[in-house]
Amino acid sequence: MAESQPRLLLVGLDRYTLDACVRLGVEAAVVCGAAAWDDGLMSIPPELTVIRVDDQVSVEAVLMALRRAGLGADDFDAVHTSDEYSMVTAGMLARHLGVPGLDPETAVRFRDKSIQKAVVRGAGLPAAQCVVVEDVFSVSDIQELPFAPAVLKPVAGAATALTTSVKSVDDLRARGEEYRRKQTGQRTFVLEEHVVGDEWFVDGIVFDGELLFLAVGAYGDPCLTAIESGQPLWLRHFDPAEEGWAYEKARGLVGSALDALGLRDGSFHMELFHDGPSGTLTFGECAARRGGALIHEQIQAKFGVNIAECAVQIALGRRPAIDAKVRPDVFGGCYLPVRPGTLLDCPTAADLLALPQVEFARIEHPVGTHFPAGPAHTSQRVGQFMVMAESVEQLTGRFDEVRRWFDERLWVLPDGLTTRGRREFQREWRPDADFGDTLWR
């Protein structure tokens, strides 16, 4: 009798997880929220079943959609997600269906930054102190900062969104008033100590409590610094041979933090702060999924490991066979920023791939997308590209060259122009097309 195909309830869209399900022969039902569906960037392979919901973070919405589709506990072997905001949802669904999945309590430790930091510090590991701000819209009762300078961030955020540095109570109140005017959906925040140093990131795979694989890298600038300076984010991976010291330094803290937080199976993305002068390494935060940006692509290029496929195998109870083959080249990814306004035209991914040393590129927004002034989070970009280089210096130099090349061919209609201003812009953008006044002769 032929072995039946594994069945997975997958919450949220992730291009490499979807691809892994198809290649591994997994019968996956994919829960897709309205926002992801309307965005349309990621295509769901026809081999997989689509479960449309209004809100994929809502357990209620998912359970109702499954019931409408005639699906229940007997139809799945496990529940899995790569979506940061759906971690607790996936854990609750797994518990309800009685199948393997991330434990909800563990998911909470990875989602709530105040709980996470308390757990890590309780284990005797270095991490920033933090206090909870119950309602960032109303901070008038706070008379002084618990730490100065401090970092203000949502208690369960992602992509450095709504994250700012505050140096005084006046800064905090100004930020709270700004968020109140904007009516941000997140109102519970944390204030935490500002930790100095370079920002590292570690992505890896753990199975039955054993750390099977980790890849250590660094951001060009800490994420918050990149946001506040308006500079595009870039990141690269350390080489295990040439920069083995970074792996030796990170491994112990990573393993201890994962043990404290209770992640025994799956993928993770951890951020650490490395203070060069003192050599100290401090825990930043950790997610129970792989990192964003082009981290997946960089790991595949540098190490030959498909971290999304490993995570799917682990979700189904299988120990992945990891055979890392490290390439000596330097791989790094960089964001393609846009100017404020409405996107009209830009080079394609194929155009970028035709440039020397560009190994991968993705344009993520269609024509007509409006970009507000100032980056609000690390995902504020029109696309991304990955470069292969012989050295870090060559890598960063190539980043600058490609970004300049892209910007010279980027057309964004600025906000606030008069009709005359738009006509002048149009003549520059399309000198071959006359949309001006004419006379009949």
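A charge is taken to sit over a ring if NZ of Lys or CZ of Arg is within 6 Å of the ring centre and within 35 degrees of the ring normal. In the predicted model described here, the charged end of Arg381 meets this criterion over the ring of Tyr335, at 4.5 Å from the ring centre. A further case involves Arg52, whose charged end sits over the ring of Trp37, 4.0 Å from its centre.

Contacts between aromatic rings were examined next. The model contains nine aromatic pairs. Among them is the pair of Phe238 and Trp245, with 6.4 Å between the ring centres and 40° between the planes, a tilted arrangement. Phe238 is buried because its relative accessible area is 5%, under the 20% limit. Trp245 has a relative accessibility of 43% and is therefore classed as partly exposed. Another of the pairs, Phe385 with Phe399, is edge-to-face, the planes standing at 80° and the centres 5.7 Å apart. This pair joins distant parts of the chain: Phe385 belongs to strand 18 (residues 383–389) and Phe399 to helix 13 (residues 392–408), with 14 residues separating the two. Both Phe385 and Phe399 are buried. Phe238 and Trp245 also belong, together with Trp200, to one aromatic cluster.

Four strands make up an open sheet in the order 5-8-6-7, and their pairing is antiparallel. The edge positions are taken by strand 5 (130–133) and strand 7 (164–166); each has a single partner strand, so one side of each lacks a neighbour in the sheet. From one strand to the next, the twist averages 30°. Strand 7 pairs with strand 6 (residues 150–154) through three bridges in the antiparallel sense. Within this pairing, Leu152 has Thr164 of strand 7 as its bridge partner.

Two helices contact this sheet. Helix 6 (residues 113–122) lies across strand 5, strand 6 and strand 8 (189–193), and runs at about 160° to strand 5. Helix 7 (residues 169–182) packs on the sheet as well, where it touches strand 6, strand 7 and strand 8. The direction of helix 7 makes about 145° with that of strand 7.

Elsewhere in the chain, helix 10 (residues 295–303) is mostly covered, with eight of its nine residues buried. The buried positions of helix 10 are Ile295, His296, Glu297, Gln298, Ile299, Ala301, Lys302 and Phe303.

Cys223 takes part in no disulfide, and the nearest cysteine sulfur, which belongs to Cys334, is 13 Å away. The relative accessibility of Cys223 is 6%, so Cys223 counts as buried. For Cys310, the closest cysteine sulfur is that of Cys21; the two sulfurs are 13 Å apart and therefore too far for a bond, the cut-off being 2.5 Å. Cys310 likewise counts as buried, at 6% relative accessibility.

Conventions:
Residues are numbered from 1 along each chain as its sequence is written. This is a predicted model: local features need pLDDT of at least 70, side-chain atom pairs count only at pLDDT 80 or more; totals for chains, interfaces and linings use all residues. Side-chain values use heavy atoms; hydrogens and water are left out. Two strands pair if DSSP finds at least two bridges between them. Axes are lines fitted to C-alpha atoms, for helices over the stretch in contact, and angles run from 0 to 180 degrees between N-to-C directions. Contact means heavy atoms within 4.5 Å. Buried means under 20% relative accessible area, exposed over 50%, partly exposed in between (1.4 Å probe, protein chains only). Rings of Phe, Tyr and Trp (its six-membered ring) pair if their centres lie within 6.5 Å; planes under 30 degrees apart count as stacked, over 60 as edge-to-face and the rest as tilted.
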